[in-house]
Amino acid sequence: MRGKATATAPANIALVKYWGAHDLSSGIPLNASISMTLSRCVSTCTVEARTGDAAGGAAREESNEVYVVAPGEHWPAPGEGRAQGELRPAPDAFARRVLDHLERLRRWAGADCSFRVATHNSFPSGAGLASSASGFAALTLATVGALGAEVTAEELSILARRSGSGSAARSVLGGYVELPGGPVPDDVYARQLAEPGHWDLRDVIAIVAAEPKAVSSLEGHARAPSSPYFRERLACLADRLTVVREALARRDFDLLGPAVEEEAVDLHLIAMSSSPPIFYWRPGTLEVLEAVRRLRTEGVKAYFTIDAGPNVHVICPPDAEETVASRLGALGSVREIIRDRVGPGPELIEEHLL
Ligand code: PMV
């Protein structure tokens, strides 16, 4: 018997970031995080569950197949049709994480099956654009669908988080989302703070390097406590979380922006002072930060944030988007601009990749 399902799930940009794990293997952060779900940066994943031909144990894992749809020159937007490109075996490290998660979900469902999986991202992978968040959220939803199971949003968030990607727990919901952290139980899940329609914020993403980063987020979480400033960061976070929650509730951009920028700088301060240090920034990153500050002196409302990578997300209201995108797009070190915005959560679709 075969069950097949395809899911799309959005990436998200953390406004307050998860950096440092309480339990790395199941994606439980040491601190609470808040994110904005995106709509243009999405992962699509098809999972085919094959029951009846499974031999169990090692043989079952042998018969699993994991593919990525190789990206072309162009990153297709959602709605631009089926992802174009050939299926290629997934890179080893990614395939290992996918296989581990499939096995986890298979046991959770009590199924005896093997899997064929294909995934596609509408944006560069592993470059600090939350491809693990969207990728594991899509994989989780597609696998649950292929196994014929039904889950609530809370259960989906827990299952996605157990992939080891805490940010995937937030990608199962649209709008503005919070994931608790700290010494919390293993059934912690993300909850929605506000629907996408609550506040139309834009995210102009300046790509200065599209290749995968040298140090993964997982490694970054593991090294974070070695920074002498890590405790100070955690101590500041309760106040920053309150500010960001309030700013979102009141749609107060002047309150939100500075908190979001401080938060991004803190994360990179911790990364750069970890042992051994991690430098995600490139010269182009600084060129973009400088341009954002200049835009603000001209009265344009825009604030930056940066996840674990060199690329810069510039959060702005709709009337600033055009100016931000054209100014950043003209910088020498910017290779591409992705114009994104707050968006809805994942969904099952009928257009399969396999
Ligand atoms: O979910 P992970 O393990 O990929 O870690 C996410 C790390 C950041 O993207 C830097 C922050 C966040 O909260 O999304």
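**Close-up 1. A cluster of aromatic rings in the predicted model**. Trp199, Phe253 and Tyr303 are linked into a cluster by ring pairs. The number of aromatic pairs counted in this predicted model is four.

**Close-up 2. The aromatic pair of Trp19 and Tyr280**. A pair of aromatic rings is described by the distance of the centres and the angle of the planes. For Trp19 and Tyr280 the centres are 6.3 Å apart and the planes stand at 75 degrees, an edge-to-face pair. Trp19 belongs to the loop between β1 and β2 (21-23), and Tyr280 to the loop between α8 and α9, so the pair ties together parts that are 261 residues apart in sequence. Both Trp19 and Tyr280 are buried.

Close-up 3. Pro276 is part of the loop between α8 (253-272) and α9 (283-297).

**Close-up 4. Arg251, a residue with a positive phi**. Arg251 is not a glycine, yet its phi is positive, at about 50 degrees. This residue, Arg251, sits in the loop between α7 (230-250) and α8. Is Arg251 buried, partly exposed or exposed? Its relative accessible area is 47%, so Arg251 counts as partly exposed.

**Close-up 5. The packing of helices α2 and α3**. Helix α2 covers residues 92-109 and helix α3 covers residues 131-146. The two helices pack at an angle of about 35 degrees, and their axes are 11 Å apart. Their crossing is right-handed. From α2, the residues in contact are Arg97, Val98, His101, Leu102, Leu105 and Trp108. They meet Ser132, Phe136, Leu139, Thr140, Thr143 and Val144 of α3. Sorted by class, this contact of α2 with α3 has seven nonpolar residues, four polar ones and one charged one.

**Close-up 6. Asn12 and the residues around it**. Asn12 is in strand β1, which spans residues 2-16. With a relative accessible area of 2%, Asn12 is under the 20% cut-off and therefore counts as buried. Which side chain makes a polar contact with the side chain of Asn12? It is the side chain of Arg170, at 2.7 Å. A polar atom of the Asn12 side chain also lies 3.2 Å from the backbone oxygen of Ser167. Leaving aside residues up to four places away in sequence, Asn12 touches residues including Ser35, Met36, Thr37 and Leu38. Ala130, Ala133, Ser171 and Asp307 are also among the residues that Asn12 touches.

Methods:
Residues are numbered from 1 along each chain as its sequence is written. This is a predicted model: local features need pLDDT of at least 70, side-chain atom pairs count only at pLDDT 80 or more; totals for chains, interfaces and linings use all residues. Side-chain values use heavy atoms; hydrogens and water are left out. Helices (H or I, at least four residues) and strands (E, at least two) are DSSP runs, numbered from the N terminus. Buried means under 20% relative accessible area, exposed over 50%, partly exposed in between (1.4 Å probe, protein chains only). Axes are lines fitted to C-alpha atoms, for helices over the stretch in contact, and angles run from 0 to 180 degrees between N-to-C directions. A crossing is left-handed if the near helix is turned anticlockwise from the far one by less than a right angle, and right-handed if clockwise. Contact means heavy atoms within 4.5 Å. Ala, Val, Leu, Ile, Met, Phe, Trp, Tyr, Cys and Pro count as nonpolar, Asp, Glu, Lys and Arg as charged, and the others, Gly among them, as polar. A polar contact is a pair of N or O atoms within 3.5 Å; within protein, one must be able to donate a hydrogen and the other to accept it, and residues adjacent in sequence count only if both atoms are side-chain atoms. Rings of Phe, Tyr and Trp (its six-membered ring) pair if their centres lie within 6.5 Å; planes under 30 degrees apart count as stacked, over 60 as edge-to-face and the rest as tilted.
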